[in-house]
Amino acid sequence: MTETGVIGCGCRGVTGGNFFHPGGFSLKSCFLEQSTKRNRNFFRSVSMIPPFKRGRFITKLRSVAGNSRIFSMDAREKSRSFVLVSSRHKRVPVFVMMPIDTFGIDASGCPKIKRLKALTVSLKALKLAGVHGIAVEVWWGIVERFSPLEFKWSLYEELFRLISEAGLKLHVALCFHSNMHLFGGKGGISLPLWIREIGDVNKDIYYRDKSGFSNNDYLTLGVDQLPLFGGRTAVQCYEDFMLSFSTKFEPYLGNVIEEISIGLGPSGELRYPAHPSGDGRWKFPGIGEFQCHDKYMMEDLMAVASQEGKPQWGSRDPPNTGCYNSFPSGVPFFEEGNDSFLSDYGRFFLEWYSGKLICHADAILAKAADVLRRRQEEEKSSVMLVAKIGGIYWWYKTSSHPAELTAGYYNTSLRDGYDPVASVLSRHGAALNIPCLDMADSEIPEKYLCSPEGLRRQIHDVSKKWTIHVTGRNTSERFDEMGLRQIRENCVQPNGDTLRSFTFCRMNEKIFRVENWNNFVPFIRQMSADM
């Protein structure tokens with residue numbers, strides 16, 4: 001997620017040649033080649049949106065892209081012709097995500113499916129309840145675990161067969177991240193072992209914060225175009241994985257597999273790991289920290305700053321940004337002084353930081369769309385490509401939106417940071433998966449200036465503008481009637497359209513407890529009826 005005025009993130013060899021910006025400019029390999037200062041000012045002028053009034057966001061957003069679009073409506077429709085067609089549905093199919101500990105590692109170090117018999121019974125129960133399908137995380141750290149280009153799909157062949165035999169459809173999440181932080185480092189799925197061996201020698205392949213702490217849950221996007229992985233770039237590693245997946249499960253595509261979400265960052269979401277959970281560095285509602293201190297990101301920042309004619313801007317990230325658990329009040333960068341996010345340097349840094357994220361999404365989704373398009377043109381089947389964003393809803397009612405800025409979404413009272421995200425998804429025919437469908441503003445303490453409702457409205461607006469499909473998920477585990485009703489109501493968009501699908505996070509023993517099951521089954525039946 002990034003902002004509307006990207007000035008050139010220095011990505012090397014982004015797939016597809018030119019990067020088409022929402023403002024109508026073509027950025028060769030995401031660099032502005034000339035007149036950077038003049039163009040930056042232009043980008044800023046077209047990205048303005050109405051400001052806050054006393055901390056409250058005016059929800060009717062002005063177009064941040066001016067009158068220019070990436071494609072005409074007809075061209076955009078053609079560009080995603082391999083995606084499911086209708087955008088107006090009366091029913092919302094519900095996928096239930098597999099348990100977080102579905103997979104374990106046996107004594108020999110090999111992955112295995114845990115509790116197979118119990119899982120089989122659970123799938124049958126969910127089918128009887130009216131659940132449409134199952135969401136399965138397909139882990140890079142399982143399939144290509146031991147050696148590069150040695151893909152072992154046997155676990156997923158067995159799991160997909162079980163799900164298919166139960167009469168359920170599949171949403172597949174291709175996961176290029178680790179979930180070990182959820183287990184305190186004593187379990188879960190890591191990145192592939194051969195990647196970790198490279199990381200033991202070169203910690204700069206991971207994101208790094210200003211204190212030098214490396215986060216080995218996901219490769220830094222600074223290595224997207226660098227051949228550090230046995231001669232392959234990170235993007236090439238992701239592409240090879242997707243190609244192998246599509247080849248292995250070709251008979252399932254468009255038949256059993258209806259949706260494929262592409263991992264774009266931590267937890268599969270397009271964002272920086274600015275709010276790490278599980279290691280004690282961050283807790284809600286801290287503003288988080290910028291994650292760009294690996295040498296590859298810093299080298300890129302220096303190159304872009306020099307191109308901008310401001311080499312002094314390339315040796316650091318913004319000063320006075322607080323720490324993970326700071327509140328925005330009293331943190332100079334997130335206020336409105338001379339050295340704030342509104343300064344020339346503040347704008348430059350945020351344009352670069354968020355622009356790198358946009359280039360990351362553009363490169364990977366281009367590969368994914370090409371893989372799917374080739375398969376589906378041959379088979380004449382249809383699978384919906386999906387991209388997830390994070391639900392950074394705290395401090396949303398402030399002018400600077402600090403938690404979103406550190407996560408890479410250049411979204412403030414003066415900019416719509418989700419518009420360029422939606423434009424990239426539109427070009428690659430991807431749906432946008434949004435979080436927080438279980439949340440209401442009234443349920444969150446006002447002192448943290450949160451607004452999941454405002455965030456959802458803003459994202460719905462840009463999805464409508466770019467005519468992209470929207471799917472959703474819950475952020476917290478809800479089995480109570482009020483939470484499930486909140487989800488159901490939020491699956492209907494302000495314009496009357498319903499979401500293409502909803503993913504319930506997630507299956508575990510709680511869902512089958514009598515008191516929860518008695519709420520969950522009516523919820524599924526209501527989602528399956530006319531809304």
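Asn-320 lies in the loop between α8 and α9, and I shall begin with this residue. Please keep in mind throughout that we are looking at a predicted model. The phi angle of Asn-320 is near 60 degrees, which is a positive value in a residue other than glycine. Let me remind you that most residues other than glycine have a negative phi. Is Asn-320 buried, partly exposed or exposed? Its relative accessible area is 46%, and because that value falls between the cut-offs of 20% and 50%, Asn-320 counts as partly exposed.

Ser-340 is placed in the loop between α8, residues 295-307, and α9, residues 344-379. The relative accessibility of Ser-340 is 0%, so this residue counts as buried. Which residues touch Ser-340, if we leave aside its neighbours within four places in sequence? They are Pro-332, Phe-333, Glu-335 and Gly-346.

You will find Asp-209 in the loop between β8, residues 206-208, and β9, residues 214-219. Asp-209 has a relative accessibility of 2%, and therefore counts as buried. Which side chains make polar contacts with that of Asp-209? One is the side chain of Arg-281, at 3.0 Å, and another is that of Tyr-324, at 2.7 Å. Setting aside neighbours within four places in sequence, Asp-209 is in contact with Arg-281, Glu-289, Phe-290, Gln-291, His-293 and Tyr-324.

Strand β3 covers residues 94-97, and both of its faces are covered. On one side are Val-94 and Val-96, on the other are Phe-95 and Met-97, and all of them are buried.

Which strands pair with β3? Strand β15, residues 502-504, runs parallel to β3 and is joined to it by 3 bridges. Within this pairing, Phe-95 has Thr-503 of β15 as its bridge partner. Strand β6, residues 133-139, is likewise parallel to β3 and joined to it by 3 bridges. Here Val-96 stands opposite Ile-134.

We can follow the pairing onward from β6. Strands β6 and β7 pair in the parallel sense, over 7 bridges, and the bridge partner of Glu-137 in β7 is Ala-173. Strand β7 spans residues 169-175 and is mostly covered, with 6 of its 7 residues buried.

Next, a pair of helices. Two packed helices are described by the angle between their axes and the distance between the axes. For helix α3, residues 116-129, and helix α5, residues 154-165, the axes come within 9 Å and cross at roughly 30 degrees. The crossing of α3 past α5 is right-handed. Leu-116, Leu-119, Thr-120 and Leu-123 make the contact from α3, while Glu-158, Leu-159, Leu-162 and Ile-163 make it from α5.

Leu-149, in the loop between α4, residues 140-143, and α5, has a positive phi near 65 degrees. As for peptide bonds, most are trans. Where do we find cis bonds in this chain? The bond from Phe-284 to Pro-285 is cis, with omega near 5 degrees, and Pro-285 is found in the loop between β11, residues 269-270, and α8. A cis bond also joins Cys-505 and Arg-506, where omega is about -10 degrees. Arg-506 lies in the loop between β15 and α14, residues 514-527.

Finally, let us view the chain as a whole. The chain has 14 helices and 15 strands. It contains 531 residues, of which 60% count as buried. Among contacts between residues at least 6 apart in sequence, 76% join residues at least 24 apart. The accessible surface comes to about 20,300 Å², and 51% of this belongs to carbon and sulfur atoms.

Terms used
Residues numbered from 1 in each chain as written. Predicted model: local features only at pLDDT ≥ 70, side-chain atom pairs only at ≥ 80, totals over all residues. Heavy atoms only, no water. Helix = DSSP H or I, 4+ residues; strand = E, 2+ residues; numbered from the N terminus. Buried < 20%, exposed > 50% of the residue type's maximum accessible area, 1.4 Å probe, protein only. Polar contact = N/O pair within 3.5 Å; in protein donor to acceptor, adjacent residues only side chain to side chain. Contact = heavy atoms within 4.5 Å. Areas by Shrake-Rupley, 256 points an atom, 1.4 Å probe, with all protein chains shown as cover. Pairing = 2+ DSSP bridges. Axes fitted to C-alpha atoms, helices over the stretch in contact; angles between N-to-C directions. Left-handed = near helix turned anticlockwise from the far one by under 90°.
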